Amino acid sequence: MSGFSDYDKYDGLGLAELVRKKEVEPSELVEEAISRIERLNPQVNAVIYKMYELARKAAGRDIPDGPFKGVPFLMKDILMACAGAPLTNGSRFFKDLMVGHDSELVKRFKAAGIIVVGKTNTPEFGLMPVTEPELFGPCKNPWNLSRTSGGSSGGSAVAVAARMVPLAHGSDGGGSIRIPASCCGVFGLKPTRGRNPIGPDFGEGWRGLVCDHVLTRSVRDSAAMLDATAGPDVGALYHAAPPTRPFLSEVGVEPGKLRIAFTAEPFLGGSVDKDCVKALEATIELCKNLGHEVVEAAPRIDGKAFSRAFLIIISVETRATIEEGELLLNRKAEATDFESDTWMLGLLGRQCRASEFSRALNFVQRMARQIGEFFEKYDVLLTPTLARPPIPIGSLQPVETQRAARKELLDKIRDGELIDELNEIEILSQHVYEFIPYTPLFNVTGQPAMSVPLYWNDEGLPVGMQFVGRYGDEATLLRLAGQLEKAQPWSERVPPICGKAV
């Protein structure tokens, strides 16, 4: 079966429309996706598990007549179960775990008509903002193979940017949709907390910090998929209020004159690269030219207290994942099963008192209410998505002095020394916030936030812009994104490593 040579000229909705008109067969789309993965993946390492035969069988059966009927799709290899595929979570410990059921979100993806052709690369447990797991190796940026794809949905962002698939699954617990969207020059929306289902295997991810959705080339694909997947599943702990009308209908609607606050000041970390400042300045001018009121303002946060609370939550959740894995796999976890930083976080999580964990949750929940007050004055907050353009691969790996510090810290934790102030680990994690000072805050608040590909620097690297909306108000973000996409289109910009018919 041959592929479809014009595959990369269409977004997901465009391909599905061709399927409905019988101008192309789903099997042709699947073969084209497979061909592109086979040609490009050796260079970028985005796809770590191939589901070609399952995809071919799915293409030959009756496909649900959803908005993405017959469209090839990739699943991120974390959190969400996909029947017939492993769920490694980027970890040696889970590398042999096969699952026999679909998570509710995966069921909704499939009901939308997509055909899963494989799974994408992610860092271990999605902990890092770069995709460089020891198990699978680094995922490389198609704009420059020496640069990071971002993380933790790096493989999905690369696959979309390189035109392997028009859209792919992502999840976001501290920026993990928005970070790789910025690095790879694609559109990435983190929905409101509780908008998409996370069951049946989880009640919530990282105590509500994690949201799942997709990375796309077009705004309308993101909106249409959110229409297809949004809403509570059985037994959901909570859910976002339903929209007043379909999200897809918001794309193309004029947003009116929005009151947009902006800041270049990082919430965490320190300095901001000049290219990110230039990108912000250009975006401010674009928004003004579109008729919006743009003023400099930002919510005030205690960055040190925030980073400490965030670290406590993540370390406890990391420990819980390790212990749940032990029960699932019926074996004891060892340090050699994990990357050193993951194991260290897990040990720290084991030492944290329940009261410390509760206080950390209370702190971030109070912060969400404080930041909600800021959005009573403004419709949208604009920041750079990241403080740097895509950094070189390996930049966040520890140097020799840091490795020594990590070993000393591990020894202390093993010996049962409780690090009440967490200062040493905070110092070790500070270099991560130097890259991602803007994104984690809005996982804590639960607000929708998107990275929009509006700028490329002189080296040809994408620099995304983050727009944050009020809780539950994806509609305003999607209207604005559609307006920005029309005013400054990005879909024709393609990276050097890009799937084209041969």
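Student: In this predicted model, how do the residues of the lining of the largest cavity divide by class?

Tutor: The lining of the largest cavity comprises nine nonpolar, eight polar and five charged residues. The space within the largest cavity amounts to about 220 Å³. Of the 22 residues that line it, Gly194, Asn196, Pro197, Ile198 and Tyr238 are the closest to its centre.

Student: By what quantities are two packed helices described?

Tutor: The description of two packed helices rests on the angle between their axes and the distance between the axes. Here, helix α2 (residues 26-44) and helix α3 (residues 52-60) pack at an angle of about 165°, and their axes lie 8 Å apart. An angle over 145 degrees counts as roughly antiparallel, and α2 and α3 are therefore roughly antiparallel to each other.

Student: Is the crossing of α2 and α3 left-handed or right-handed, and which residues meet?

Tutor: The crossing of α2 and α3 is right-handed. From α2, Pro26, Ser27, Val30, Glu31, Ile34, Ile37 and Glu38 meet Tyr52, Ala55, Arg56 and Ala59 of α3. By class, this contact of α2 with α3 has seven nonpolar, one polar and three charged residues.

Student: How are the axes of α7 and α15 arranged?

Tutor: The axes of helix α7 (residues 219-229) and helix α15 (residues 474-487) cross at roughly 155° and come within 9 Å. The helices α7 and α15 are therefore roughly antiparallel. Their crossing is left-handed. In α7, Val219, Ala223 and Leu226 meet Glu474, Leu478, Ala481, Gly482 and Glu485 in α15. The contact of α7 with α15 has five nonpolar, one polar and two charged residues.

Terms used:
Residues are numbered from 1 along each chain as its sequence is written. This is a predicted model: local features need pLDDT of at least 70, side-chain atom pairs count only at pLDDT 80 or more; totals for chains, interfaces and linings use all residues. Side-chain values use heavy atoms; hydrogens and water are left out. Axes are lines fitted to C-alpha atoms, for helices over the stretch in contact, and angles run from 0 to 180 degrees between N-to-C directions. Helices (H or I, at least four residues) and strands (E, at least two) are DSSP runs, numbered from the N terminus. Angles under 35 degrees count as roughly parallel, over 145 as roughly antiparallel, 65 to 115 as roughly perpendicular and the rest as oblique. A crossing is left-handed if the near helix is turned anticlockwise from the far one by less than a right angle, and right-handed if clockwise. Contact means heavy atoms within 4.5 Å. Ala, Val, Leu, Ile, Met, Phe, Trp, Tyr, Cys and Pro count as nonpolar, Asp, Glu, Lys and Arg as charged, and the others, Gly among them, as polar. On a 1 Å grid over the protein atoms alone, a cavity is a set of points where a 1.4 Å probe fits but cannot get out, and a pocket is an open set with protein on both sides within 12 Å along at least five of seven lines; lining residues have an atom within 4 Å of a point. Grid points are joined across faces, edges and corners, and a volume is the space filled by probe spheres set on the points.
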